[in-house]
Every structure is written in C-alpha cells, then in structure tokens.
There are 2 protein chains.
Amino acid sequence: MDEKQALSAFAALSQETRLRIVRLLVTAGPDGMPAGAIGEAMDGASSSRMSFHLSHLEQSGLVESRRDGRSIIYSASYPALSGLLEFLMRDCCQGHPAVCSPVVNKLVACCEPAKDATHA
Amino acid sequence: MDEKQALSAFAALSQETRLRIVRLLVTAGPDGMPAGAIGEAMDGASSSRMSFHLSHLEQSGLVESRRDGRSIIYSASYPALSGLLEFLMRDCCQGHPAVCSPVVNKLVACCEPAKDATHA
DNA sequence: TCCATGTTTCAACGACTCTTGAGATATTGA
DNA sequence: TCAATATCTCAAGAGTCGTTGAAACATGGA
C-alpha cells in the first residue's frame, strides 16, 4: 500500500457510517452482504446514501463488490485492511517500538500468528 | 481509544500534510520539534497553515505540544498511535485473523516484542 | 413483453475543510 | 519599555463532503 492509497483509506474510515460498514463487513466474512442488507443495518439508510458510501469504500480498496442476480454483494478486503495496518506501522510509524510493541504484544495474544513465519 | 477518537484520528491522517507531519514527529522522537522547524520541513509551509494542521493533530490526540521559550514544541503521542492501531485491529477488524495475522507476523520480525507479556 | 425489485446516478443544497494573508498574542533580550 | 521572534487567531474564499429526492439502469419472473 502506497501513501496515496493510505490517505484514501484513512479518509474512508474517518466517517462514522463507513467505519460501521467496514466493521459489519469484516464480521460478515468473505461472503459479504448485499447493499440493501447493509443499508438496513445502518438504521435503514437510504439507498443512494448507501451507494455513496459503498462506492467511496470500494474506491479506497477497503471493500469489494460482485453482482449476484439483482443484488450487489459487498465484502471487506482483508488484504487492504492488513495493508493499511502495515502502512501505519511501518511507513508511517517506521516500526517505532514505542508505537508497535504494545500493539504486537496485545495482538499476538488474540491472533495466534504462525510462529515460524518470516521472522529472521 | 473509543470510536469518536478513532474517527478523529483517521480524519487527521487522511490529509497529506498531516500524515507527513506525523511521520516526521515519529522519527524526531520524544523530544519533538518546534512548529517552525516542522513548517520548514513541509516545503516551507506558512505559519498559519502549520498552526491549522498542528492543532488539528493535537485535537485528535496524535501529537502533543509544550512551550519552550518562544517556541512551541510538538511531539508524536506514541500511546495514541498504538491506541489507533489497536482500535483498527480489535474494534474495527475484530482481531479477524485474515486481517491481523499477516500484520503481526510481519511486525514481530521488526519490533521484537517482549515475549513474556500479557500473552495468556 | 411488462412489472417489480435492487441498486446506481444525478442535481441541488448546506456544512465542512484547507489555504491565504493580515493582525493579534506570548516570550525574550536590549 | 521597546523591538524582534515564534506562533496563533481570524475572516474570506475556493473546493470538497454528505444528504436528499427523483430519475435511470440492470436483473429476474410472470
């Protein structure tokens, strides 16, 4: 992820409705959800409002879409999300231990990474 | 970090100048830099423009300031940055392995966390 | 083919963001 | 006290963002 993409992703996540959509889609899993169902989950937001935010999220790369019959199914892009996290840690915070160590320490507990990964 | 703070932090980082400032201040370390020096590093941005972005960053909690004589010294808030990362991983992505594992795997290599931390 | 359904596109509007330049404020040293 | 330095505050303007409602488009079934 380069700086331009990161700026776009941060802008996408800086809006309450969009942040909620991302949260919802992450929990929904790879199968995703149709736009209409997402709108209902957002306190019944109007379809044009949903479309606005979903296309914003899609342009930022954080979500993906595919058509299924009449519905358009949106799903979270896990690679984009981890790419953003990695950008924030590495490119922006330069892997500074004061920033990253607390996070890694908390996260290894919850995520159980493969212990024998690229860990030179 | 709660959602409101996270939204504000994402908004702060979604602007090129502010992202560059954060990067600069992370590398500058805990001693920070005076506003004028930051402005010079930003292609000689005007003082009012700097003030605008720096107070935006300060309000979001990502940077802190203190007065030193005539200068005001700005420094990165490492806790806020790791708080944001943690929010993104835990609250937003729910610690979803597909998002977090790649990041943690890459980061343990670079950050060398204390192996005996809260790691139930 | 026609209609219903699900979604997008468009125009309009108010609200917010960012930049600029001028002026105000705080601090220091003479 | 005065002047110089470092920074902030304010007002104005161009631009962007988010919402709304109406209309258009795409798909599937009768």
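Trainee: Which residues come nearest to DNA strand D?

Mentor: This is a predicted model. Of the 23 residues around DNA strand D, the nearest are A:Ser48, B:Pro34, B:Gly36, B:Ser48 and B:Ser51. The elements giving two or more residues to this surface are α4 (47-60) of chain A, plus α3 (35-41), α4 (47-60) and β3 (71-76) of chain B.

Trainee: Which element gives the most to the surface near DNA strand D?

Mentor: That is α4(B), with six residues.

Trainee: How do the residues of that surface divide by class?

Mentor: Near DNA strand D there are 13 polar, six nonpolar and four charged residues.

Trainee: Let me step back to the fold. How many helices and strands does chain A have?

Mentor: Chain A has six helices and three strands. Along the sequence, the pattern reads α-α-β-α-α-β-β-α-α. For overall extent, take the principal axes: the C-alpha atoms of chain A fill a box of roughly 50 × 25 × 25 Å.

Trainee: What does UniProt list for residues 1-96 of chain A?

Mentor: The UniProt record, an unreviewed entry, lists "domain: HTH arsR-type" for residues 1-96 of chain A. In the model, that span is 62% helix and 15% strand. Its end C-alpha atoms lie 19 Å apart.

Trainee: How are two packed helices described?

Mentor: Two numbers do it: the angle between the axes and the distance between the axes. Start with chain A. The axes of α2 (residues 16-28) and α4(A) cross at roughly 70° and come within 10 Å. Angles of 65 to 115 degrees count as roughly perpendicular, so α2(A) and α4(A) are roughly perpendicular to each other. Their crossing is right-handed.

Trainee: Which residues of α2(A) and α4(A) meet?

Mentor: From α2(A), A:Thr17, A:Arg18, A:Ile21 and A:Val22. From α4(A), A:His53, A:Leu54, A:His56 and A:Leu57. This contact of α2(A) with α4(A) has four nonpolar residues, three polar and one charged.

Trainee: Next, chain B. At what angle do α2 and α4(B) cross?

Mentor: The axes of α2 (residues 16-28) of chain B and α4(B) cross at roughly 70°, coming within 10 Å. That angle makes α2(B) roughly perpendicular to α4(B). The crossing is right-handed. On the α2(B) side, the contact uses B:Thr17, B:Arg18, B:Ile21 and B:Val22; on the α4(B) side, B:His53, B:His56 and B:Leu57. By class, the contact of α2(B) with α4(B) counts three nonpolar, three polar and one charged.

Trainee: How do α1 and α4(B) cross?

Mentor: The axes of α1 (residues 3-13) of chain B and α4(B) come within 8 Å, at roughly 155°. Angles over 145 degrees count as roughly antiparallel, so α1(B) is roughly antiparallel to α4(B). The α1(B) and α4(B) crossing is left-handed. B:Ser8, B:Ala9 and B:Ala12 of α1(B) make the contact with B:His56, B:Leu57 and B:Ser60 of α4(B).

Trainee: How do the residues of that contact divide?

Mentor: The contact of α1(B) with α4(B) has three nonpolar, three polar and no charged residues.

Notes: Residues numbered from 1 in each chain as written. Chains lettered and ligands numbered in written order. Predicted model: local features only at pLDDT ≥ 70, side-chain atom pairs only at ≥ 80, totals over all residues. Near = placed C-beta within 6 Å. Helix = DSSP H or I, 4+ residues; strand = E, 2+ residues; numbered from the N terminus. Nonpolar A, V, L, I, M, F, W, Y, C, P; charged D, E, K, R; others polar. UniProt positions renumbered as here; feature names shortened; annotations may be inferred. Axes fitted to C-alpha atoms, helices over the stretch in contact; angles between N-to-C directions. Parallel < 35°, antiparallel > 145°, perpendicular 65-115°, else oblique. Left-handed = near helix turned anticlockwise from the far one by under 90°. Contact = placed C-beta atoms within 7 Å.
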